[in-house]
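These are my notebook entries from a first look through this structure. I wrote down what I looked up, one topic at a time.

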Amino acid sequence: TIRQLHLTVDVAYRTDLDQALDIVRDVVAAHPEVLKEPAPSIGVSNLGHPAITIAIEPWTAVAQYGATQGELNKTILERLRAAQIEFPPSILSAAQ
């Protein structure tokens, strides 16, 4: 049995979206527990304030759901940081 992950990452409005989306697609494609079929859905899901939200929705085996979610989140964050993709300030830090 399989299950779809529902991950999101917020990036700043000045982000090169093509670059950010390419990084996310590369990370998802390289993960050994992400299924090739059904194909993952990756794209811009929201133009909010103060960020653009990228939705990442790959499929994996139910038994691998938790581990795959954590590994993808970590790797996506590391790769975006390495590419100097900016993240929006958090609402909490802006309120302080």
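**Entry 1: charged pairs.** I began with Arg25 and Asp22, whose side chains meet in a salt bridge with 3.5 Å from N to O. The model I am reading is a predicted one, and I keep that in mind for every value below. I then asked how Arg25 and Asp22 are placed in helix H1. They are three residues apart there, which means that about one helical turn separates them. Arg25 counts as partly exposed at 38% relative accessibility, and Asp22 is likewise noted as partly exposed, with a relative accessible area of 41%.

Next I looked up Arg79, which forms a salt bridge with Asp26, and I noted 4.0 Å between the closest N and O atoms. This pair links distant parts of the chain, since Arg79 sits in helix H2 and Asp26 in helix H1, 53 residues apart. Arg79 counts as partly exposed at 34% relative accessibility, and Asp26 counts as partly exposed at 44%.

The pair of Arg14 and Glu86 came next, and I found their side chains meeting in a salt bridge at 2.8 Å, N to O. Here too distant parts of the chain are linked, 72 residues apart: Arg14 belongs to the loop between strand S2 (7-11) and helix H1 (17-30), while Glu86 belongs to the loop between helix H2 (65-82) and helix H3 (91-95). Is Arg14 buried or exposed? At 66% relative accessibility Arg14 lies over the 50% limit, so it counts as exposed. Glu86, with a relative accessible area of 37%, is partly exposed.

Entry 2: I traced three strands that form an open sheet in the order S2-S4-S3, with antiparallel pairing. S2 and strand S3 (41-47) stand at the edges with a single partner strand each, so one side of each is left without a neighbour in the sheet. Neighbouring strands of this sheet are turned against each other by 25 degrees on average, direction ignored. I followed the pairing of S2 with S4 in more detail and noted that it is antiparallel and runs over five bridges. Within S4, Ile56 is the residue that stands opposite Leu7. I also looked at how H1 is set against the strands, and found that it lies across S2, S3 and S4, running at about 140 degrees to S3.

**Entry 3: the nonpolar core.** Which residues have the most contacts inside the largest nonpolar core? The core has 20 residues, and those with the most contacts are Val28, Ile54, Ile56, Leu72, Ile76 and Leu80. At least two residues of this core come from each of S2, H1, strand S4 (52-57) and H2, and H1 gives the most, with six residues. I then took Leu80 by itself and, leaving aside its neighbours within four places in sequence, listed its contacts as Val9, Ala20, Ile23, Ile85 and Phe87.

**Entry 4: Leu77.** Last, I looked up Leu77, whose place is in helix H2. Leu77 is partly exposed, with a relative accessible area of 33%. I checked Leu77 against Ala55 as well, and noted that they are 22 residues apart in sequence and 14 Å apart in space, C-alpha to C-alpha.

Key: Residues are numbered from 1 along each chain as its sequence is written. This is a predicted model: local features need pLDDT of at least 70, side-chain atom pairs count only at pLDDT 80 or more; totals for chains, interfaces and linings use all residues. Side-chain values use heavy atoms; hydrogens and water are left out. Helices (H or I, at least four residues) and strands (E, at least two) are DSSP runs, numbered from the N terminus. Buried means under 20% relative accessible area, exposed over 50%, partly exposed in between (1.4 Å probe, protein chains only). A nonpolar core is a set of buried Ala, Val, Leu, Ile, Met, Phe, Trp, Tyr and Cys residues joined through side-chain atoms within 4.5 Å. Contact means heavy atoms within 4.5 Å. Two strands pair if DSSP finds at least two bridges between them. Axes are lines fitted to C-alpha atoms, for helices over the stretch in contact, and angles run from 0 to 180 degrees between N-to-C directions.
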